[in-house]
Amino acid sequence: MLLDDFRTTTGEWLKGDGPDSDIVVSSRIRLARNLAGRRFQVRATPEELAEIEHEVGGYLREREGRFGRLYYRLSDLGEVDRFVLVERHLISREHAAGDSFRAVAASDDERLSVMINEEDHLRMQVLRSGLRLADAWREIDELDTKLSGTFEFAFHPKWGFLTACPTNVGTGIRVSVMLHLPALVLTREIEKVFRAMGKINLAVRGLYGEGTQAYGDLYQISNQTSLGKSEDKIINNIESIVPGVIAYERKARAHVLESNRTQIEDRLWRALGMLKEARLLTSEETMHLLSAVRLGMSVSVLPVIPTQTINELFLLTQPAHLQKLVGRELSPYERDVERAALVRKRLRD
Amino acid sequence: MQCQKCKKKQATVHMTEISGDEKEEIHLCEECAQEHGLMLKGQVSLADFLAGLIKAPVTQEMARLAKLQCPSCGISYIEFQSKGRFGCEKDYEVFSKLIAPLLEKVHGAVEHIGKVPARTPGGETAARLATLRRLLKTAVDDEKYEEAAQLRDEIRKIEGGQDAS
C-alpha cells in the first residue's frame, strides 16, 4: 500500500476551526475545466488522456511547488488507497472507480487539490474548515487564473467554460458547505430545510455526496446551477442562506434541551460511554455516536473534547482509513473490532 | 383591488374593453374571470391549436438534429442523451439548437456571466462580451433599463459580427 503519510496526518479542513465551526464542518469550492482542442474524457483516446495527464500533472508538480509531494496516478494505487483518497475528499467515487490516466495532485495541507481526467480534464477544489467561502474562492480563483494563463481552456463566449456535462457549464463552479445538523434531524425539522433549499435551487445531500444517506447528521448544501450567474453571486447566495440554517439548528438545539433535558443528556452521555467502552463498532453506528458527542460538546452537556479529535474520528473510522492504519486488508468484522479499539484509544488520550 | 363581480376575492385579471369611444376597465378574480370566459379555457385551446400546428415540423427537425454527428468526436445527440456527457467542446456548437433549450431548463439561463479565462479562445471579443453581459445583468437588476437597452444593442452588434465572420 502507498500513501503511508496519510496514516498520521489529516487534511487541514478537519481542524475544526474557522467561523461557526461547531455547525459548519467545511466549505468547499470546485471548478470544472477542460483543455481547448482536446476531446473530453468519454471520447478521448488513451493517448490523448496520457498526454493531458503528462502536461497538466507535469506542470502542477514542477511549476507549482505546493503540488510537488502529493501526486498520484490512480493506476499506481490499489483499491484501499483509492478509497483513502475518496474518504479524504481528495477524489470522487467516480474518479476512484475509473480507469487509466487518472491522477490527483494535492497541496501538503490538502486544502487545494486537482483531479486530472475525471469527467472533465481538470477538477480543482479548495476545502477549508468552518464557514470560509470568501477565502476559499480567493484561493481557487488564483489557482484557476494561473492555470488558465498556461493552458487554454475550452470556453465559449456565450456559454462560458465548456464541460462534459451541461449541468456544469458556464462558471463550472460548485460551492458547497458541510453542516452538522443533529438537532434539526432530531426534531424532524430537517425536511423543512430540504424543501426551502429546493425552492431556491440549492441541493442538500448526505456527507459523501450523491446517492448516499446522511450518516452522522452531516449535510452538504450546494448550488445546482452554474450558468447565468457570476461566481460571486453563486457564492453570496449560499453564504447568505447558511446563517439562517445555523440559527435554525441552534434554535432546535435549545428547544430539545429545554423540553427534554434529562432524556437528551442521557442520550448524549450514553453515546460518549459507548464510544469509550464498546468492543465492536460498525461505521454507521460510529458516525451516529460521534454526531451525538459533537452535539453534546457544543451544548455544554459533555466535557470538552477538541473538535479536531471528533472530526478526525469521523474520517479515521471510515473503512479505507482503518485498513490503512492497521496496515492490512480487514474483513468487515475485523474492521468493527479495530474501529472500536481506535475510538477507545483516541478518546482516552 | 377587489373583484368587481363577486366583491369578495382579490382581482387578479385586469382588462380594458374598448367599444367605439367608450373605454371600460374590468377587474375580476380568477374564478369570476373564468366564468366570464376570459381566462384559461380560451388560452388552453389556442395553445393546443398552436401546438398541433407546429408539432409535426418540430419533430421532424428534432429527428434530423438527433441524428447529427459531431465531426470532431463522433458523438450523436442520441448518444449524448443516453450518457448525459458530451464528447468534446465542439458538441456545444454542433447541437446548439438542441442545447439552448436544455440549458434554459437546467440553469434557467442561457448566457454565461462571470469569469473569463486568461487565455481566451476568440480573444478579446469573448472577454468583452462576458463583461458586457455582466453589466447588462447588473443594469437589469438595478432597473436601469435605458442603460440595459444600450448594452443589449452593443452585445447584439458584437454577436452579429461574429456570426458573419
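Two strands pair if DSSP finds at least two bridges between them. Helices (H or I, at least four residues) and strands (E, at least two) are themselves DSSP runs, numbered from the N terminus. With that settled, I opened my notebook.

**Entry 1: ground rules.** I noted that this is a predicted model, where local features need pLDDT of at least 70 and side-chain atom pairs count only at pLDDT 80 or more, while totals for chains, interfaces and linings use all residues. Residues are numbered from 1 along each chain as its sequence is written, and chains are lettered from A and ligands numbered from 1 in the order in which they are written.

**Entry 2: the sheet of chain A.** I looked up strand 2 and strand 3 (residues 103–106) of chain A, and found them paired in the antiparallel sense over four bridges. Here Tyr72(A) stands opposite Val104(A) of strand 3. I then followed the whole open sheet: eight strands of chain A in the order 2-3-4-5-1-8-10-9, with antiparallel pairing. Strand 2 (70–73) and strand 9 (202–206) of chain A each have a single partner strand at the edges, so one side of each lacks a neighbour in the sheet. From one strand to the next, the twist averages 20 degrees (axes are lines fitted to C-alpha atoms, and angles run from 0 to 180 degrees between N-to-C directions).

**Entry 3: strand 5 of chain A.** I called a residue buried if 20 or more other C-beta atoms, placed from the backbone, lie within 10 Å of its own; 12 or fewer makes it exposed, and anything in between partly exposed. Eight of the eight residues of strand 5 (residues 122–129) of chain A are buried, so this strand is largely enclosed by the rest of the structure. I checked both faces, and both are covered: Leu122(A), Met124(A), Val126(A) and Arg128(A) lie on one side, with Arg123(A), Gln125(A), Leu127(A) and Ser129(A) on the other. Strand 1 (residues 24–33) of chain A runs antiparallel to strand 5 and is joined to it by eight bridges, with Leu31(A) partnered by Met124(A). Strand 4 (residues 112–116) of chain A is also antiparallel to strand 5, through five bridges, and Ile116(A) has Leu122(A) as its partner. In the hairpin of strands 4 and 5 of chain A, five residues sit between the strands, and Asn117(A) takes a positive phi near 65 degrees.

**Entry 4: the core.** I counted as a nonpolar core a set of buried Ala, Val, Leu, Ile, Met, Phe, Trp, Tyr and Cys residues joined through C-beta atoms within 7 Å. The largest has 114 residues, and Val104(A) and Leu179(A) have the most contacts inside it. Helix 7 of chain A gives the largest share of this core, twelve residues. For contacts between residues I used C-beta atoms, placed from the backbone, within 7 Å. Beyond its neighbours within four places in sequence, Leu179(A) contacts residues including Ile23(A), Val25(A) and Tyr219(A).

**Entry 5: Ala271(A).** I found Ala271(A) in helix 7 (residues 231–277) of chain A. Ala271(A) is buried, with 21 other C-beta atoms within 10 Å. Leaving out residues up to four places away in sequence, Ala271(A) touches Leu289(A), Ala292(A), Val293(A) and Gly296(A).

**Entry 6: chain B.** I looked up its secondary structure last, and chain B comes to seven helices and two strands. Of the 165 residues of chain B, 20% count as buried.

Conventions: Two residues are in contact if their C-beta atoms, placed from the backbone, lie within 7 Å.
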